[in-house]
Amino acid sequence: MERLNYFLKTTGQISPLQFGFTAGRSKADAIKTISDFVGHSRKQGLKCCLLALDIAEPFDNAWHPGILAQLRKLKCPPNMFNMVKDFLRDHTAHVTLRNSLSSKRVTKGCPQGSVSGTTLWNIIISDLIKLLSNEAKVKIVVFANDIMIMTQGPSLPDILKIMQTTLQTIDNWCKENRLKISKDKLALMPMFTRNKEVLKSHPTISKSGIKIVSQMKYLGVTLDYKMDWYPHTQYLENKVLHIRNSLVRCSTATWGMTFHKLRMIYKYTILPVITYASEAWSTSVSKRAKSKFQQIRRAFLIFITRAYKSFSNEALSAIAGIMPIEQAMQLYQDRRAISRGNPTNVVIAALKKIETPTKIRGIHPKDNHISVDLSGTAGNANMKIFTDGSKTENHVGASMVAEKDSKETHISTETEHDTYSIPS
């Protein structure tokens, strides 16, 4: 499948609008694309709507003849085509009931979680992306089988006309590939406040069973029609404070978890939940959403430091040694940008030369090999390094000794506080 993935990527068959099962793209990128679309539409004075739909059981219903037909359409090389064809051939399902055995040839399905499943699904969904990309005033964002249809137009009748054509295209594509849309997850969110009743009474909406909503859950965040992210902060508050309340029941001022452990829980459990996909929404957060973030953070800091409720946020931050939420989000975004080799606004005066990490991409699988040295000389270094560690009631210690030619060349010892542990 590596060669097939290489072919699909180098020939541009995997659309940049497919954010799932593709290297270098994430859920945050998909969410940011939606946020940017809504913001751009409003700057142009256009109305827009978001239609969320989900393909029901995509891996179980992947139709084998449809996959092969799509590979022919993509002009897949014969050796790769025959490999996929042989892989999908002669699949049989066996059912045993008491003493009777029943068998049936299977022409649907690919192993979910396997290396082949994600590639085959990208082949299937690429056809739908191309069809909808030809529609005017329509943009699509796909993450695995979660599809977001974004439409814009000068008026509501124009949007309804575009949406009717789009839904017909999706319905025809599903019939052609023997797939179904999950009716329970169909939701339409108009990004405006007026004329919502017209949408509910429209024949296309009522016939398809589409729910009209003012907010929807998408890839771990809560989108709302205002795009001020306040409902998302409310969702985070319920989630985070539920965790805090559970910790309160097992930790008091005199026993239970220590300050350092609670601080570590906040840093590695709570903070990632709050900053998740913040690069997609942090620039357009409303004042009331920012205030909600401060309430969430303050509740945790009071619990960690066991301070009075009259303490200021600045004092709590200083005592706990935890940076403000805005700086934490910026740090999270900078780390993600650096890991991808993207520029940031960070200025580090201590570094005279900043190295940008690069990743080797576009290598054919036959050239991406591991060389093995069979000469017997590799790894025979003339230096030995010994390490050891131990723990007392108050401290954790570790030491290292380097030996060369039976002589100690380096000795170092480190002592840390009691929150560290020695792995058994």
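These notebook entries concern salt bridges in a predicted model.

**Conventions.** I worked with a predicted model, in which local features need pLDDT of at least 70 and side-chain atom pairs count only at pLDDT 80 or more, whereas totals for chains, interfaces and linings use all residues. Residues are numbered from 1 along each chain as its sequence is written, and side-chain values use heavy atoms, with hydrogens and water left out.

**Entry 1: search.** I searched the whole structure for salt bridges (a side-chain nitrogen of Lys or Arg within 4 Å of a carboxyl oxygen of Asp or Glu). The search returned seven.

**Entry 2: D36 and K32.** I found the closest N and O atoms of this pair 3.1 Å apart. Both residues belong to helix α2 (residues 27–43), four residues apart, about one turn of the helix. Helices here are DSSP runs of H or I with at least four residues, numbered from the N terminus. I classed accessibility by relative accessible area: buried is under 20%, exposed over 50%, partly exposed in between (1.4 Å probe, protein chains only). D36 is partly exposed at 41%, and K32 is partly exposed at 33%.

**Entry 3: K73 and D127.** I recorded a salt bridge of 3.5 Å, N to O, between these side chains. The pair links distant parts of the chain, with K73 in helix α3 (residues 64–73) and D127 in helix α5 (residues 115–133), 54 residues apart. K73 is exposed at 51% relative accessibility, whereas D127 is buried at 9%.

**Entry 4: K175 and D171.** I noted 3.4 Å between the closest N and O atoms of this salt bridge. Helix α6 (residues 156–176) holds both residues, four residues apart. K175 is exposed at 60%; D171 is partly exposed at 33%.

Notes
Helix = DSSP H or I, 4+ residues; strand = E, 2+ residues; numbered from the N terminus.
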